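Here is a short note for a colleague who is opening this structure for the first time. Please read the points with the model on screen.

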Amino acid sequence: MASLPAGCEPACHGCRHRLFSADESLAQKGAYLARALAHWSHLIEAIAAPSPGARLAYRDRVTLTARWSGEQGWRFGLMRRDELIPIHDCPVHTERVRALVRVLVDHLPPGDEFPLAYLHVAGAQATLIVKAHRVDTERLDAVAAAAAGAGIEGLWLHLHPAAGRRLFARSGWRLLGGEAESRDPRGILHGPTAFMQALPDLHSRAMNDAATHLDPRPSVSVLDLYCGLGATLRAWTQAGSAALGVELSGEAVAFAARNAPRASVLRGTCAQRLPQVREWWASREGERVAYVNPPRSGLEGEVTDVLARELRPARLAYLSCSAGTLARDLAAFEAADYAVMGVRPYDFFPGTHHVEALALLELH
């Protein structure tokens, strides 16, 4: 693992030269939240951060660009304009990711035989994304065997000639070695394209904070939008609540159904599934609450309107990765008689500029 001065960490994913302290990082993130959520700044709590020992070697879900040259061999890293910045020993990456990169550098066929474009790692599942319709896989058995020695439980080949902004297509998948699925540290099943929160312990703390606010129990039903792999669905149903999840990714929906078998899960955008959400909501007796964890774009406008003005859950917990869209959506809920009771930030990505926040709302 690359060494760093005491008290410092990489500024952004291991690819910038400037180092700064954990205290400086948290201060910058706190100042950003105070600006972006100025109307609610008095409700923002101190940022929940991982322990000092967990601020490095935590990132187990990464996508790296791959480039081959006859002089340097295979290099993996991030693109800056037209230049690839190799980050083979990025201190933010887990040892599993770094070990896999070393395996690929040593064992992959040369680029004129194997036009690898990207490496995607999701926990113990890894995918070689090749921009071609077909490749010779005869030499990849040794790669798969070596990857298993690096802690990879499933190594995939994905033939996707148009890979770029969209890494994955439906077809062109082949399991080169190992198993097709894995479990994260909390026992959540996932496949090769899974979105996985970094720092599972800190994410569990955020889930517990949301659960304390929502108070799931047999007399409470929980609507869970953008439910991902079903970790939160599992938490609601284990507390005795009926739960309905909505998620766009087909792979995530399939795993959510297995991770939370007592919940109902719908595939599609949240806006597309509003008719089914309305039907389920109307069928529930007792108290009804909602948990949402949207992408950076925030809630779809129609979804905000239906939640705030039609369904009107008694309590809502909103985990956001974009303070800007969170501010927009909180204003819409406040206009519909919701009160923001608190904002709890989490440092899920130490050493980067990213910060997530959980807003807790109640209907007044």
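**Notes on the model**

1. Start close to the end of the numbering used here. Val-355 sits in the loop between strand 17 (338–346) and strand 18 (356–363). The model is a predicted one. Is Val-355 buried or exposed? Its relative accessible area is 7%, so Val-355 is buried. The cut-off for that label is under 20%.

2. What does Val-355 touch, leaving out residues up to four places away in sequence? The contacts are Lys-29, Tyr-32, Leu-33, Ile-47, Ser-320, Cys-321, Pro-345 and Tyr-346. Gly-191 is 164 residues from Val-355 along the chain, and their C-alpha atoms are separated by 26 Å.

3. Now the whole protein. It has 9 helices and 18 strands. The C-alpha trace spans about 65 × 45 × 30 Å along the principal axes.

4. How much of the protein is buried? Of its 364 residues, 52% count as buried. The protein exposes about 16,200 Å². Carbon and sulfur atoms supply 50% of that area.

5. Contacts come next. Take those with a separation of 6 or more: residues 24 or more positions apart account for 65% of them. On charge, there are 39 positive and 39 negative side chains. The centres of these two sets lie 2 Å apart.

6. Look at helix 3 (residues 140–149), which holds Ala-147. Its buried residues are Leu-140, Val-143, Ala-144, Ala-146 and Ala-147. They cover an arc of only 165 degrees around the axis, so they sit on the same side of helix 3. Asp-141, Ala-145 and Gly-149 are exposed on the other side.

7. What do the buried residues of helix 3 pack against? The partners are helix 2 (95–107), strand 8 (154–159) and strand 9 (173–178). Just after helix 3 comes Gly-151, with a positive phi of about 100 degrees.

8. With a relative accessibility of 1%, Ala-147 counts as buried. It touches Leu-100, Val-103, Ile-152 and Leu-155, when residues up to four places away in sequence are not counted. Ala-243 is 96 residues from Ala-147 in sequence, and the C-alpha to C-alpha distance is 38 Å.

9. Leu-274, Val-277, Trp-280 and Trp-281 are its buried residues. Seen down the axis, they fall within an arc of 120 degrees, so they line one face of helix 7. Glu-279 and Ala-282 are exposed on the face turned away from the buried side.

10. Where does the buried side of helix 7 pack? Its buried residues meet strand 12 (220–225), strand 13 (242–247), strand 15 (287–292) and helix 8 (301–311).

11. Go to helix 4 (residues 200–214) for His-203. Its relative accessibility is 5%, so His-203 counts as buried. Leaving aside neighbours within four places in sequence, His-203 is in contact with Arg-186, Gln-197, Ala-198, Leu-319 and Phe-348.

12. Most residues other than glycine have a negative phi. Arg-81 has a positive phi, near 60 degrees. It lies in the loop between strand 4 (73–80) and strand 5 (83–86). Its relative accessibility is 83%, so Arg-81 counts as exposed.

13. Asp-215 is in the loop between helix 4 and strand 12. At 33% relative accessibility, Asp-215 counts as partly exposed.

14. Finish with Ser-51. Which loop holds Ser-51? It is the loop between helix 1 (22–36) and strand 3 (61–69). Ser-51 counts as partly exposed, with 45% relative accessibility. Ser-51 and Glu-300 are 249 residues apart along the chain, and 35 Å separates their C-alpha atoms.

Technical notes: Residues are numbered from 1 along each chain as its sequence is written. This is a predicted model: local features need pLDDT of at least 70, side-chain atom pairs count only at pLDDT 80 or more; totals for chains, interfaces and linings use all residues. Side-chain values use heavy atoms; hydrogens and water are left out. Helices (H or I, at least four residues) and strands (E, at least two) are DSSP runs, numbered from the N terminus. Buried means under 20% relative accessible area, exposed over 50%, partly exposed in between (1.4 Å probe, protein chains only). Contact means heavy atoms within 4.5 Å. Accessible areas come from the Shrake-Rupley method with a 1.4 Å probe; for residues, only the protein chains shown count as cover. Lys and Arg count as positive and Asp and Glu as negative; His and the chain ends are not counted. The place of a charge is taken as NZ of Lys, CZ of Arg, CG of Asp or CD of Glu. The arc is that of the directions from the helix axis to the C-beta atoms.
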